[in-house]
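I opened this structure to look up a few things in turn. My notes follow, in the order I took them.

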Amino acid sequence: MTKEEYMKKLAKQLKGCDADEVKNALEYYNELLEEAEDVNEQMKSLGSPEELARQINLPGNTPNDKKKGFTVERILVLVFTSPLWLSGYSIILSLFCVIVALFITFPAITIASLLSLPTYISYMPYVTELLALATICLGLCILLIKPLLFLLVKLKDLTIIYTRFLFTKPKKKTGEKKPFKLSKPLIIVSLALLAVGVVLSVVTFILHPSSEDYAKKAGYEDVTYYLSDETSSISISAYDVATVKVLPTDTDSAYITVKKVRVDDLSVTEGESFTLICDSDKELAFLENINILNINNRITSINVYLPEGSQKNLDVYLSLGDLSVQNISANIATFETDLGDIDITGCDFEGLEVNNSCGDFNVKDLTVSDELFGTLDLGNADLDNVTAGTVTFTVNCGDFDYDGEIIGATKSQITNDLGDIYLGLKNRENYTFYAEADVGSVIVNGESHFSSEYNGDTIVSVYADCGHIDIETD
């Protein structure tokens, strides 16, 4: 084997190691062979090219740099330390979601603001505010797009490095990457858009000195409706963003106030049955809640005032917003929300029905002489000091907590698909319980694996699909 063939084979064996280190090693051994008196003897003393390559200590060529393989010990270590290194992946995933969210947010707000301009063209302060919002978000979008892309690439590299560190894969040499630089034209354009947005914001502030002006100039009013003594039922439906409060009044007659609303958005039927519907026909009306300077959230508020001892039927529906009912009495009450909380305090009803798609149901000091019926899709139900004839309640996801008394002879049934059930009931001898939990425990007065020992007239059936049941009686 000639010296040239020896060096070619040695170079082939060192392929994959650091290029500069390989170059230095080849130069050293080439010079060593050239200066040797007997080249063949020198090559023999060095060993074959394969043997010499294994002896050369280069990054990527040492035993510690090579893939070790998955021994039993290594697999066990990875399994038992999985909570630690999996948390690293969760952090990387969270950073990725944040970057993607920024990618989506600014363009989405820009497009939504521009699309809504024709809707509010009659009120220039709001138009200028939407233009300011669109230009500022567009400027930020242009300014941040390259840095965000750069961060995504670095995040990908971090994921690869982290994975190789965990699983001991050999490091691969990558080419030089260009340093991150912002394009001057993009910087100029983005700064110009941001400047325009600031100017438009100042114009908005000049045209619109107070939030009250917004309500007036945009056509919002405060309206009051007085109900006749013949009115036996009240129905309130709000399909826009709104809050509803039902409160007591010292007057002899019931009345309703609606604040910050366009009269054209209201549909009212008066008489024995009073019906009020609040529904805006504007598309993208939710953008009215966007605030840059002082055009703040425009949320309609509806207050229903009932005199003491009122026995009217009450029906309230809210699409988006909270419902609060305080210290009133009524005949049959039905409360429903799609997204919002329902709070009831100090009330007295003959019958009560509650339906909530997403939000909490909080009750304190409530009396329902007949049936308390409720469904709750996502949220917690917390009922404190409640007396009801019967209770029929279904929770799909959340906890159900009931403190009080059930006095009716009709069977009560409480069901929870995902969450815990707690019942704190008075008068132990009145109840007969049937409790079952598919995944979870059943404890009645401190005893698990419960079978009913009481023979009371009030039958309470409690079922939890996935959750614990805890019943206490005194």
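**Helix packing**

I began with a crossing: H6 passes H7 in a left-handed crossing. Left-handed means that the near helix is turned anticlockwise from the far one by less than a right angle; clockwise would be right-handed. The model is predicted, so local features need pLDDT of at least 70, side-chain atom pairs count only at pLDDT 80 or more, and totals for chains, interfaces and linings use all residues. Residues are numbered from 1 along each chain as its sequence is written, and side-chain values use heavy atoms, with hydrogens and water left out.

I noted the ends of both helices. H6 covers residues 82–116 and H7 covers residues 124–167. Helices (H or I, at least four residues) and strands (E, at least two) are DSSP runs, numbered from the N terminus. The two helices pack at an angle of about 160°, and their axes are 9 Å apart. Axes here are lines fitted to C-alpha atoms, for helices over the stretch in contact, with angles from 0 to 180 degrees between N-to-C directions. H6 and H7 are therefore roughly antiparallel. That word is for angles over 145 degrees; under 35 is roughly parallel, 65 to 115 roughly perpendicular, and the rest oblique.

**Salt bridges**

How many salt bridges does a search of the whole structure find? I got 3. The criterion is a side-chain nitrogen of Lys or Arg within 4 Å of a carboxyl oxygen of Asp or Glu.

I looked up Lys 3. Its closest N and O atoms with Glu 4 are 3.8 Å apart. Lys 3 also pairs with Glu 34, at 3.9 Å. This second pair links distant parts of the chain: Lys 3 is in helix H1 (residues 3–13), Glu 34 is in helix H2 (residues 19–35), and 31 residues separate them. I wrote down Lys 3, Glu 4 and Glu 34 as a network of salt bridges.

Is Lys 3 buried or exposed? Lys 3 is buried, because its relative accessible area is 18%. Buried means under 20%, exposed over 50%, and partly exposed in between (1.4 Å probe, protein chains only). Glu 4 is partly exposed at 47%. Glu 34 is exposed at 53%.

I then turned to Lys 156. Lys 156 forms a salt bridge with Asp 157, with the closest N and O atoms 3.9 Å apart. Lys 156 is partly exposed at 48%, whereas Asp 157 is buried at 17%.

**A nonpolar patch**

Which residues make the nonpolar surface patch? I listed Val 72, Ile 75, Leu 76, Val 79 and Phe 80, with about 520 Å² between them. Patch residues have over 30% relative accessible area and no salt bridge; nonpolar side chains (Val, Leu, Ile, Met, Phe, Trp, Tyr) are joined within 5 Å, like charges within 9 Å. Areas come from the Shrake-Rupley method with a 1.4 Å probe; for residues, only the protein chains shown count as cover. Val 72 belongs to helix H5 (residues 72–80). Val 72 is exposed, at 58%.

I checked Leu 266 in strand S4 (residues 266–269). Leu 266 is buried at 12%. Its C-alpha is 4.8 Å from that of Cys 278, 12 residues apart in sequence.

Last, I found Asp 370 in strand S11 (residues 361–378). Asp 370 is partly exposed at 45%. Asp 370 and Thr 390 are 20 residues apart along the chain, with 6.4 Å between their C-alpha atoms.
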